[in-house]
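Me: I am new to reading structures, and I would like to go through one slowly with you. Could we take each feature in turn, with the general idea before the case?

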Amino acid sequence: MIYPMTPATTNHLFRALADPTRRAIYEQLTRQGEQTVHALTRYAGVSQPAVSKHLTVLKRARLVRHRREGRETHYRAHPDALAPMADWLRHYSAFWRERFDRLESLLDRME
Amino acid sequence: MSDPAASTRAVVIERVFPHPAEKVWRALTESPLVAQWLMKNDFEPVARRKFQFRADPLPHWDGVIDCEVLVIDPLKQLSYSWRSMGLDSVVLWTLTPADGGTHVRMEQSGFRPGQTAAYQGASYGWQRFFGGLERVLGGVAA
């Protein structure tokens, strides 16, 4: 059955991860560990202001955390933030599987 | 041909039903039939038509899902937006003839069609992301 979620959090997550560049930045952080904005800019192939903007969106969704060291800001992934999305996937997978069973028995009953 | 849906899919369920497409289509698009297997609804098979699914309310959920018909291509494809508690997603049904019946594929993805269109052709696919996500979540869900 559909159960209540925390939609605000999940919506932030979806929006944050809807952008392919942001997904790439995020995955780079999960793969490589902590990175500076400079390193991420080299990797992402877009301008530093664009990377900073993407990082702000990822921060708002709690997907990344940062710390300052001298003039550099270091970012790291915060994978716990993905849990609501995993919940969303799990619960809709279960929901639709159950509805497919019902659809199947309805089709068997239909003329 | 690039398929924007494939690069953004989240939940995908597929099954072959030993019934003709005409019958499956009726079950997916005739409101009283839909109510029998999915939820009470005021669905009408008309593009851009808004409708609702209604489940029994729960303490923290009013049981309402706000929808809008996005694609209606008889016997082939049906898509509607699915908004529950402020959370947007899109449901896409695809029917294809199969040996002895109809192959039915349901895909629910977590953002709106405008966005998926905008990222069509993006080399960094959503599906690939979810592949990585499962690895990352190994330690989270456990």
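Reply: Let us begin with the elements themselves: helices (H or I, at least four residues) and strands (E, at least two) are DSSP runs, numbered from the N terminus. Residues are numbered from 1 along each chain as its sequence is written, while chains are lettered from A and ligands numbered from 1 in the order in which they are written. This is a predicted model, in which local features need pLDDT of at least 70 and side-chain atom pairs count only at pLDDT 80 or more, whereas totals for chains, interfaces and linings use all residues. As a case, helix 2 of chain A is followed by A:G33, whose phi is positive, near 75°.

Me: How many helices and strands does chain A have, and in what order do they run?

Reply: Chain A has five helices and three strands, and from the N terminus on they run α-α-β-α-α-β-β-α.

Me: What pLDDT does chain A average?

Reply: The pLDDT is the predictor's confidence in each residue, from 0 to 100. Chain A averages 86, with 91% of its residues scoring at least 70. Among the elements of chain A, the lowest mean, 72, belongs to helix 1 (residues 7-17), and the highest, 95, to strand 1.

Me: What is the order of the strands in the sheet of chain A?

Reply: Strands of a sheet pair through backbone hydrogen bonds, either parallel or antiparallel. Two strands count as paired if DSSP finds at least two bridges between them. In chain A, an open sheet of three strands has the order 1-3-2, with antiparallel pairing. Its edge strands are strand 1 (35-36) and strand 2 (64-69), each of which pairs on one side only. Six bridges join strand 2 of chain A to strand 3 (residues 72-77) of chain A, and A:R67 stands opposite A:H74 in strand 3.

Me: Which residues of helix 2 of chain A are buried?

Reply: A residue is buried if 20 or more other C-beta atoms lie within 10 Å of its own, exposed if 12 or fewer, and partly exposed in between, with C-beta atoms placed from the backbone. By that count, the buried residues of helix 2 of chain A are A:R22, A:R23, A:A24, A:I25, A:Y26 and A:L29. Across chain A, buried residues make up 30% of the 111 residues.

Me: How far apart are the end C-alpha atoms of helix 2 of chain A?

Reply: The expected span of a helix is 1.5 Å times one less than its number of residues. Helix 2 of chain A has 13 residues and should therefore span 18 Å, which agrees with its end C-alpha atoms being 18 Å apart.
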